[in-house]
Amino acid sequence: MIDLDFRSKLTVFLFTVFLVAVLSKDTVFFMLTLILLAYLFITGYGKFTLKIIYAFAITMVLRFLSHGKGFGILLPEMFLFIIIRTLAILLSVIPIIKTPPGELMAIMRKLKIHRNITLPLIFMMRFLPIVKLEFSEIIDSLKLRGLLSLTKPMRTMEYLFVPMMFSASKIAEELAAASEVRGISAHGKHSSRREIKFRAADLFVVIAAFFVTAFLIYLERM
């Protein structure tokens with residue numbers, strides 16, 4: 001497992017977005033996907049890719065069965081195409097999402113990014129996983145009580161979202177209180193216990209991303 005700096009992860013993500021936008025040949029795009037999978041395994045995030053690989057395989061099977069024409073209005077080819085491209089981008093963004101908030105805060109401060117941008121981003125990264133966990137707990141609770149019903153979707157939505165709204169409000173207050181206790185609004189220069197350093201591995205990843213992008217663009221134009 002290689003511990004990479006956030007800036008090198010961001011570079012890989014930007015190159016991936018560019019390639020997803022310009023690549024049109026399926027073989028070249030598959031090469032990009034395999035390279036991204038190798039990148040995730042090297043950085044230690046391989047276990048998070050299983051669901052993405054499963055979704056990618058299903059989408060490819062559907063494209064193969066439809067001979068690249070989709071399944072009419074219900075599942076057009078353009079929709080399958082967008083899903084595959086989005087999954088590739090998701091492969092490159094997993095290391096960014098998994099970056100600890102404390103490390104991300106230190107990086108943002110080192111890059112001189114204004115706190116009005118930094119704080120909402122960090123709060124969002126902390127808030128969304130907790131909300132996802134709350135959703136799963138509410139759904140399990142509704143299943144135990146037999147309140148989930150497809151025949152009454154409006155009532156089911158009410159039972160699901162009303163508790164979630166109260167729970168989200170409580171979570172937001174707790175996050176704000178924890179941030180205040182840690183001195184997030186204190187005046188003066190803030191320090192960090194995390195050492196943010198661009199190492200040799202990060203330089204190698206950035207250079208490799210550049211050459212891989214150039215190589216795939218060359219294959220695309222051949």
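## Exercises on a predicted helical and stranded model

Met-124, a residue of this predicted model, is found in helix 6, which covers residues 115-145. The exercises below start from this residue and then turn to other parts of the structure.

### Exercise 1: Met-124 and Met-60

**Task.** State in which helix Met-60 is found, and decide whether Met-124 is buried, partly exposed or exposed.

**Solution.** Begin with the position in the chain: Met-60 belongs to helix 3, whereas Met-124 belongs to helix 6. Next, take the relative accessible area of Met-124, which is 42%; because buried means under 20% and exposed means over 50%, Met-124 counts as partly exposed. The value for Met-60 is 22%, so this residue is partly exposed as well.

Then look at what lies elsewhere along the chain. The C-alpha atom of Met-124 is separated by 9.9 Å from that of Pro-101, although the two residues are 23 residues apart along the chain. For Met-60 and Leu-80, which are 20 residues apart along the chain, the C-alpha separation is 8.2 Å. Finally, when residues up to four places away in sequence are not counted, Met-60 touches Phe-30 and Ile-84.

### Exercise 2: Ser-92

**Task.** Find out whether Ser-92 is buried or exposed, and which backbone oxygen its side chain reaches.

**Solution.** First, locate the residue, which has its place in helix 4. Second, read its relative accessibility, which is 0%, so that Ser-92 counts as buried, the limit being under 20%. Third, follow the side chain of Ser-92, which reaches the backbone oxygen of Ile-89 at 2.7 Å. Last, set aside the neighbours within four places in sequence, and the contacts of Ser-92 are Val-12, Phe-13, Thr-16 and Leu-36.

### Exercise 3: The nonpolar cores

**Task.** Name the residues that touch the most other members of the largest nonpolar core, and say which helix gives the most to this core.

**Solution.** The core holds 25 residues, and Phe-29 and Leu-32 are the ones that touch the most other members. Two or more residues come from each of helix 1 (6-22), helix 2, helix 3 (50-65), helix 4 and helix 8 (200-221). Among these, helix 2 gives the most, with seven residues. As an example of the packing partners, Leu-32 touches Leu-19, Val-20, Leu-23 and Leu-216, if residues up to four places away in sequence are not counted. Apart from this core lies another one, of nine residues, including Phe-6, Leu-104, Met-108 and Leu-119. As background, nonpolar side chains tend to be buried together in soluble globular proteins.

### Exercise 4: The cavity

**Task.** Determine how many cavities of 30 Å³ or more a search of the whole structure finds, and which residues line the largest cavity.

**Solution.** The search finds one cavity of 30 Å³ or more, and the largest cavity has a volume of about 30 Å³. Its lining consists of Asp-26, Phe-29, Phe-30, Arg-63, Phe-81, Ile-84 and Arg-85. Sorting by element, helix 2 (26-42) and helix 4 (77-97) are those that give two or more residues to this lining. Sorting by class, the lining has four nonpolar and three charged residues, and no polar ones.

### Exercise 5: The whole chain

**Task.** Give the number of helices and strands, and the order in which the elements run.

**Solution.** The protein has eight helices and two strands, and from the N terminus on the elements run α-α-α-β-β-α-α-α-α-α. Of its 222 residues, 32% count as buried. Of the contacts with a separation of 6 or more, 76% are between residues 24 or more positions apart.

Technical notes. Residues numbered from 1 in each chain as written. Predicted model: local features only at pLDDT ≥ 70, side-chain atom pairs only at ≥ 80, totals over all residues. Heavy atoms only, no water. Helix = DSSP H or I, 4+ residues; strand = E, 2+ residues; numbered from the N terminus. Buried < 20%, exposed > 50% of the residue type's maximum accessible area, 1.4 Å probe, protein only. 1 Å grid on protein atoms, 1.4 Å probe; cavity = no way out; pocket = protein on both sides within 12 Å on 5 of 7 lines; lining within 4 Å. Points joined across faces, edges and corners; volume = space filled by probe spheres on them. Nonpolar A, V, L, I, M, F, W, Y, C, P; charged D, E, K, R; others polar. Polar contact = N/O pair within 3.5 Å; in protein donor to acceptor, adjacent residues only side chain to side chain. Contact = heavy atoms within 4.5 Å. Core = buried A, V, L, I, M, F, W, Y, C linked by side-chain atoms within 4.5 Å.
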